[in-house]
Amino acid sequence: MNVMIPKFPLAHLIDVALNWLTTHFAFLTKAMSHGVSLVIVGITDGLLWLPPWLLIAAVSLAGWRVAGRRVGIFCALGLLFVWDLRLWEATVETFTLVLISTLIAVMIGLPLGIAAALNSRISRVVMPVLDFMQTMPAFVYLIPAIPFFGLGAVSASVATVIFATPPTIRLTALGIGQVPADLTEAADAFGSTRRQKLLKVQLPMAMPTIMAGINQTIMLSLSMVVIAAMIGAGGLGGNVWQAIQRLEPGKGFEAGIAIVILAMILDRITQRIGRNSPATHAK
Amino acid sequence: MAKIQVEHLTKIFGPRPQQALRMLDKGASNQEIRETGNAVGIADVSFEVEEGELLVVMGLSGSGKSTLIRCLNRLNSSTRGHIRIDGEDITRYDREQLLALRRRKVSMVFQHFALFPYRTVTDNAAYGLEIQGVEQDERRARAIEALELVGLKGWEDSYPRQLSGGMQQRVGLARALAVKSDILLMDEAFSALDPLIRRDMQHELVSLQRRMKKTIVFITHDLDEALQLGDRIVLMKDGRVVQFGTPEEILNSPANAYVERFVENVDMSRVLTASSVLHRARVVAFPQDGPRTVLYKMNEENYTSLLVVERDYTLRGTISLEAAVEAARHGKKTIENLIEETPVIGPDDPLMSVINTLAGWRYVLPVTDPDGKLLGIVTRTGVISALAESPQGEGAAEGGEPVIDAAAVEGSEHA
Ligand SMILES: Nc1ncnc2c1ncn2[C@@H]1O[C@H](COP(=O)(O)OP(=O)(O)OP(=O)(O)O)[C@@H](O)[C@H]1O
Ligand SMILES: [Mg+2]
């Protein structure tokens, strides 16, 4: 004979709110979705139009120039292997998804990070939200993304952006916050405006840290590809998802290894860009 | 009009500065104010800096030196009082005026250099010009000019980390010089350098200032440095000015025990000047004096030499006892042809160089003004007793009264 405390209708409230938003704004988000998917398809098709060997050569060359010979060789061997596994197309699709998500994440994350670094009030609001965004299981974002953006790559990249932006915001804010006070003071003492101080001192000084944040964002985007495949994003995640459903461990591993290779290439190259940025002359 | 006038300047840190001001006015101590959560940076500071002057602000750690200098370009905003630069009250400046002040009129050199590590030496030196929107070519040329001024030719394309500490601070100095501001603010600019380099930098700063006529406010907690550099010194304690004067005034009449304690450990030979050991020349000879007159004057005062001057006190040289005796024996009419050329010193020469000059000369040393007129004399005993009397020597000189006749010294030297 327990007295039941009535359940707080959280789920119901969220559903109602999302419903309301969907009915009123879905036409907008659907239009956006259409635009973004055109871009995604365009880039993917463009990259696939190139002969794979040419793209592999270009990536290897870039890896070699940015991060040294070993990374260059790794790029070449890794991508040739992926090609050989007949996973080239899926890899390019995944790469495009990561690229688009990362670009959007940086476009959102960099200004927000800067704002949080320069304004403690914004920081007090943003930081807890980031904790929320990062700890909420990424699956959960997928569900409401669908009514707004439809099934497919766009919903996947929206969910990916939500999941992957926090490190860019956090590390941008951290990097700017860590610029030694006497350097910002020197900038002030010579009559810099806030904008000049930001562009000529704070951002260059914070660049290695910001690049570390972007690197993490890329890695998180990649970790979302399998999950994104559940709503039809395609790419390597799709192969894994298929292998799970059909109980084909071999195929699953092949796709998994391709993801690892892509991750390592992106990681080494972006890490090196961070380390080569001008402020590292300090060390 | 003074270049910088600081009037009753007060800076309170903390959440309720007005409350702290009221407490200050009622005579509360810094400690009492600190208990309310506010902190006194500086309190009721007044002084002036003349155009072309090198003013040193000195005091122990926490005495408010940095707070003060940072008020001068408003890196700190003052709580009360006024700062006038060229007559304009900068505490009332709006944002635009403040930027103009910082760009054109006042530049700063930092204790830990504060160079931008991702910029080359030249780009560092050009920073202020870049901020002002000066064209690339011109700012490079002007930055390189400033770098040459501080002796960094050949390092233009290096990065700061490739330079030693002393050289890095030269870059900091060049960055401040490149904008050609009238006023340089230097907060412990040489404190992070090791002693030899520091000495070099001090010399160079003084010579730069002579050439460029900058008005400099220089902060240090080191009295030797203050005395070396300062035309005048502001001595601070607990955010207040305890003494404001020339190095000489501060050494000779320390305003209170605090100043005196500061002054205790100074090497007096470096800081005292000839004028502090100067005596009136009680007798002199004139070129048209006869040898017997000269001998009479010497005898009267028991001197072994006399300085010879024209009627308007323009110094001619020295006549020695031997020369006068010889002339008298040969029946010469005047001493005109027996005058020995004599080394001279200026009133501002440091005692150290006076001692050196004395070492190579047998008689008293004349001190002359820039026109060659005799101001007085310096004797060995005078120098020694001044050094002994300085707060550094234990017990100081016994007699107190440092007037010792030149003759007494020379007598012993002739032995
Ligand atoms: N930002 C600040 N907030 C609170 N109190 C401050 C602040 N800056 C300085 N103070 C206080 O003001 C007083 C003067 O400090 P200031 O830094 O001007 O001393 P200083 O003479 O430059 O010392 P140092 O030789 O150590 O550099 C100190 O008591 C210090 O605690
Ligand atoms: Mg200080």
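Two strands are taken to pair if DSSP finds at least two bridges between them, and with that in mind I would like to start with the sheet in chain B of this predicted model. It is an open sheet of 4 strands in the order β2-β1-β4-β5, and the pairing is antiparallel. At its edges lie β2, residues 39–49, and β5, residues 88–89, each of which pairs on one side only.

Let me now turn to the interface with chain A. The contact takes 27 residues from chain B and 22 residues from chain A, and the area buried between the two chains is about 2,100 Å², with carbon and sulfur atoms giving 63% of that area. Across this interface there are 8 residue pairs in polar contact and 2 salt bridges; the side chains of B:Arg70 and A:Glu185 meet in a salt bridge at 2.8 Å, N to O. On the side of chain B that touches chain A, the elements giving two or more residues are α4 (95–105), β6 (106–109), α6 (127–132) and α8 (165–178), and the residues of that side divide into 15 nonpolar, 4 polar and 8 charged.

Methods. Residues numbered from 1 in each chain as written. Chains lettered and ligands numbered in written order. Predicted model: local features only at pLDDT ≥ 70, side-chain atom pairs only at ≥ 80, totals over all residues. Heavy atoms only, no water. Contact = heavy atoms within 4.5 Å. Buried area = accessible area lost by both parts, 1.4 Å probe. Salt bridge = Lys/Arg side-chain N within 4 Å of Asp/Glu carboxyl O. Polar contact = N/O pair within 3.5 Å; in protein donor to acceptor, adjacent residues only side chain to side chain. Nonpolar A, V, L, I, M, F, W, Y, C, P; charged D, E, K, R; others polar.
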